[in-house]
Protein chains: 2
Amino acid sequence: MRARVFVRLKRGILDPQGTAVKRALEGLGYREVQDLRVGRVLEMELDATQPDQARGRLEEMCRRLLANPVTEEFTVEIVEDGGRPRLA
Amino acid sequence: MRARVFVRLKRGILDPQGTAVKRALEGLGYREVQDLRVGRVLEMELDATQPDQARGRLEEMCRRLLANPVTEEFTVEIVEDGGRPRLA
């Protein structure tokens, strides 16, 4: 089973990397970008068969290791085999 | 309109960050993780109304600035207002 974990900064937290990229895009003429934030995505292949159980384990991984609970939030998506992602 | 751009290492390129995270997860007992790769996700708010045109501009941004064409590949998702992402 495949899964994607998104880790992004919480809304109130400044994102200097996102600001720098937005400014660089503006400099290249892409003025339609109103807001831009940069996060991480962890794409995983899991040895698991139960999507709900896998999701629970992934959320636990986020709390224990993958995300900083003070500054970051996370979303878990299970990608069913051959199917579309199921949003958490 | 909202959009997400995923930038990830190409298949053949080593991902030391992903390897380190996978090993750390194993150390915590999460042995179901068979493969793990770390990428970037850029979440944007765009001043645009035509999804196809926006997608074309985003792919151009990736080629010009957001992705390294030698080592990275990218995917663009347009998130319709209130709807599900449309995969590129």
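**View 1. A salt bridge between A:Glu32 and B:Arg57 in a predicted model.** Here the two side chains meet with N and O 2.7 Å apart; a salt bridge means a side-chain nitrogen of Lys or Arg within 4 Å of a carboxyl oxygen of Asp or Glu. Between chain B and chain A the count is six salt bridges, and over all chains it comes to 16. Because the model is predicted, a word on its ground rules: local features need pLDDT of at least 70 and side-chain atom pairs count only at pLDDT 80 or more, whereas totals for chains, interfaces and linings use all residues. Residues are numbered from 1 along each chain as its sequence is written, chains are lettered from A and ligands numbered from 1 in the order in which they are written, and side-chain values use heavy atoms, leaving out hydrogens and water.

**View 2. A:Arg8 and B:Glu43 in a salt bridge.** The closest N and O atoms of this pair are 2.7 Å apart. A:Arg8 belongs to strand S1 (residues 2–9) of chain A and B:Glu43 to strand S2 of chain B, so the pair joins two chains. Strands (E, at least two residues) and helices (H or I, at least four) are DSSP runs, numbered from the N terminus.

**View 3. Strand S2 of chain A beside S2(B).** Take a look at the antiparallel pairing, which runs over 13 bridges and involves residues 33–46 of chain A; strands pair if DSSP finds at least two bridges between them. A:Leu42 stands opposite B:Val38 in S2(B).

**View 4. The side of chain B that touches chain A.** In contact (heavy atoms within 4.5 Å) are 36 residues of chain B and 36 residues of chain A. The two chains bury about 3,400 Å² between them, 57% of it on carbon and sulfur atoms; this is the accessible area (1.4 Å probe) lost when the two parts are put together, summed over both. B:Tyr30, B:Glu32 and B:Glu43 supply 18% of the area that chain B buries against chain A, more than any other three residues.

View 5. The same surface serves both copies, with 100% of the contact residues of chain B recurring in chain A.
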